[in-house]
Amino acid sequence: MNKEKPLILISNDDGVTAKGIHELVKILAGLGEIVVMAPDGPRSGASAAITSEIPVRYSKVKEEVNLTVYKCSGTPVDCVKLALFELLPRCPDLVIGGINHGDNSAVNVHYSGTMGVVIEGCLKGVPAIGFSLCDHDADADFAPMLPYVRKITEEVLAHGLPKGTCLNVNAPKASVLHGTRVCRQTDASWGSEWCRGQHPKGGEYFWLTGKFTNNEPDAEESDRWALEHDYVAITPIQIDMTAYGLMDELKTWNLNV
């Protein structure tokens, strides 16, 4: 591998054959040496899950100039961990998750395997970006967002990111985008999350579904507002989850026994 070029590690949660990851690789061509280590099948909703009870395996899918692609039997986070441990000759300059088929804004960031990739990179001290399109279609049209993917990646390679932070970038399903907006995470929630059914062989089963509720639809500084108005939403995420504002109050409670 050419150490003079940026080394970019890419993974996702839709699997190594997903259109989104192939579009990502194509638009980033020329920015550096790209290594893809992605799950061998869909792992959507994997979040930060790791595989601890069975072995994990990987194999090479293809190798070209400045591009090597591997598939892995584990989770998205397994992919990052294994690539860092086994494949890369040095710490990468950037970890990227995506492009995800589906929205990872608001509360969805907590469930996303794509953002699991990004947060794992961040935990390892590597600048990291997650890219998602608000379209679950297997043949989704990524073209409108691709120039933004390239530009945001170039800027992070040029400037880096503060330690303990990463970027969650979401694009709306729209033919024309109005630009980018730097946003905060929307206050939202999921409800009615299970569909109950009767199995033909007897007994009930439950299929995960859900109703998304935006608790602040008029908040113009939020990522959901940006997406609903055809902007690319860029949300900085931090891995330190400490609620600093609550610390002083907790110290006044009678917590000792």
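This is a predicted model: local features need pLDDT of at least 70, side-chain atom pairs count only at pLDDT 80 or more; totals for chains, interfaces and linings use all residues.
**A tour of the chain and its aromatic pairs**

Residues are numbered from 1 along each chain as its sequence is written, and side-chain values use heavy atoms, without hydrogens and water.

Colour by secondary structure. The chain has 6 helices and 13 strands (DSSP runs numbered from the N terminus: helices H or I of at least four residues, strands E of at least two).

Now show Phe, Tyr and Trp. There are 3 aromatic pairs (ring centres within 6.5 Å, using the six-membered ring of Trp; planes under 30 degrees apart are stacked, over 60 edge-to-face, the rest tilted).

Select Tyr 58 and Tyr 70. They pair edge-to-face, 5.7 Å centre to centre, with 70° between the planes. Tyr 58 is in strand 3 (residues 58-64) and Tyr 70 in strand 4 (residues 67-72), so the pair ties together parts 12 residues apart in sequence. Tyr 70 is buried at 11% relative accessibility (buried is under 20%, exposed over 50%, partly exposed in between; 1.4 Å probe, protein chains only). Tyr 58 is partly exposed at 31%.

Next, select Trp 225 and Tyr 231. This pair is stacked: 6.4 Å centre to centre, 20° between the planes. Trp 225 is buried at 13%; Tyr 231 is partly exposed at 22%.
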